[in-house]
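Subject: Handover of a structure

Dear colleague,

Please find the structure below, handed over for your records. My notes on it follow.

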Amino acid sequence: MDPISYSPRRAAQLLKTEPKELTSLLRKDAYSALDLLALRQKMRRMPPELGPRCQLFLNFKGGTGKTSLSTSYAFRMAEMGYRVLLIDLDSQGHATKCLGLDGENFEKTLLDVLVKRTPISDVIVQSGMPQLDLVPSNLTMSTVDLALMPLAGREFKLRNALREVEGQYDLTVLDAPPSFGLLNLNALMAAADLIVPVLADFLSFHGLKLLFETVQGLEEDLQHHLAHVFIVINAFNATFKLAKEAQEALQQHYGDYLCKTVIRQCTKFAQASSEGRPVFVADPESKGAQDLQSLIDELLGQLLKGGGKGKPQA
Ligand SMILES: Nc1ncnc2c1ncn2[C@@H]1O[C@H](COP(=O)(O)OP(=O)(O)O)[C@@H](O)[C@H]1O
Ligand SMILES: [Mg+2]
């Protein structure tokens, strides 16, 4: 990702202060992300502690916004002062691309970590944004489910691998592929929170049922309990009657998990990913950026309050 430059007005906004106070500490025409971090530390505006915790963006259905939301979410949490590791689990490498990198340029991926015992620190790369690191992905990841199959403890490989960097990150964000296999089982076993982007259409219901059954199986068979499950409606268009009906149905069936925040349809997500930049960089004023910020505020409220959203029921 190209280095980010913030105007004094934008930097002050992010630090929740007045431009005057900002310039009294450091006068510049443009601030770098490192400046912003240093100012945040100086002003004692570091975000509240969250963990460390691992959060998984998953839906077995494709095209629901897992990558668009997880990459911009990870970026924004880093911008807010958290130390974030984003792991691209999808062999399509879209999360890698969304941060302006090409997965094919990297020799090693998470496959080496999960299957060949390569330390995860050997595959972590810098994103260009301070406080945001990445485990890139490329097509070699497509064989990971098969490669994991014969291994002992095959469901726990990711969780164990992450222990090596425990304490180095406040947050690990996983962008999952839309598949149902050992890799995603590893992701679920490593995660404390599950964030499920859904589209407001009736096809989404089938996928959700399967996901909740899987989570329940996980709790029963592998003794792993998720702390939170958040369902978030993405690409919502309130002018479509069917979308509103699907939203109501989601509220009725999954009300305990459904986030109040809805991410509206916003073309800036496509623009941002094609430019290899998070939506907060491509257009910080866009509906997508505003909604994602509201989602972050809602999730932080829940996470800091403690306690789960209840036990997932299939
Ligand atoms: N809120 C949104 N509004 C409009 N388009 C969106 C939104 N979120 C995602 N998209 C678009 O939908 C497509 C699928 O999104 P993506 O994040 O790749 O989904 P997934 O990772 O679940 O497969 C992409 O073209 C993306 O730009
Ligand atoms: Mg994706």
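A residue is called buried here if 20 or more other C-beta atoms, placed from the backbone, lie within 10 Å of its own. By this cut-off Ala-235 is buried, because 21 other C-beta atoms lie within 10 Å. Please bear in mind throughout that the model is a predicted one.

Backbone features

Ala-235 has a further feature: its phi is positive, at about 55°, although the residue is not a glycine. Ala-235 sits in the loop that runs between strand E9 (228-234) and helix H11 (241-254).

Gln-131 also has a positive phi without being a glycine, with a value near 75°. The loop between strand E5 (125-126) and strand E6 (132-135) holds Gln-131. Gln-131 counts as buried because 22 other C-beta atoms lie within 10 Å.

A cis peptide bond leads from Gly-51 to Pro-52, and its omega is near 20°. Pro-52 belongs to the loop between helix H3 (33-42) and E3.

Which residues come nearest to ligand 1? Of the 18 residues around the ligand, they are Lys-66, Thr-67, Ser-68, Ala-235 and Ala-270. Helix H4 (66-79) and helix H12 (268-275) are the elements that give two or more residues to this shell. By class, the shell around ligand 1 consists of six nonpolar, 11 polar and one charged residues.

Domains and their contact

The domain assignment divides the chain into domain 1 (1-46) and domain 2 (48-305). Taken over C-alpha atoms, the centres of the two domains are separated by 28 Å. Domain 1 contributes 11 residues to the contact, and domain 2 contributes 13. On the side of domain 1 that touches domain 2, the elements giving two or more residues are helix H1 (8-14) and H3. H3 gives the most to this side, with four residues. The residues on this side of domain 1 comprise eight nonpolar, no polar and three charged.

Nonpolar core

In soluble globular proteins, nonpolar side chains tend to be buried together. In this model, the largest nonpolar core has 91 residues. Leu-56, Val-84, Leu-174, Ala-187 and Val-196 are those with the most contacts inside this core. H4 supplies the largest share of the core, six residues. Domain 1 (1-46) and domain 2 (48-305) each provide at least three residues to this core.

Which residues does Val-84 contact, leaving aside its neighbours within four places in sequence? They are Ala-74, Met-77, Ala-78, Gln-131, Leu-132, Tyr-169, Asp-170, Leu-171 and Val-173.

Helix H9

Helix H9 (residues 182-190) is mostly covered, with seven of its nine residues buried. These buried residues are Leu-183, Asn-184, Leu-185, Asn-186, Ala-187, Leu-188 and Ala-190. Ala-187 is also one of the residues with the most contacts inside the largest nonpolar core. The elements that cover the buried residues of H9 include strand E3 (53-57) and strand E7 (171-175). Helices take part in this cover as well, including H6 (110-116), H7 (144-148), H8 (157-162) and H10 (203-221).

Yours sincerely

Key:
Residues are numbered from 1 along each chain as its sequence is written. Chains are lettered from A and ligands numbered from 1 in the order in which they are written. This is a predicted model: local features need pLDDT of at least 70, side-chain atom pairs count only at pLDDT 80 or more; totals for chains, interfaces and linings use all residues. A residue is near a molecule or strand if its C-beta atom, placed from the backbone, lies within 6 Å of it. Ala, Val, Leu, Ile, Met, Phe, Trp, Tyr, Cys and Pro count as nonpolar, Asp, Glu, Lys and Arg as charged, and the others, Gly among them, as polar. A residue is buried if 20 or more other C-beta atoms lie within 10 Å of its own, exposed if 12 or fewer, and partly exposed in between; C-beta atoms are placed from the backbone. Two residues are in contact if their C-beta atoms, placed from the backbone, lie within 7 Å. Domain bounds come from an automatic or database domain assignment. A nonpolar core is a set of buried Ala, Val, Leu, Ile, Met, Phe, Trp, Tyr and Cys residues joined through C-beta atoms within 7 Å.
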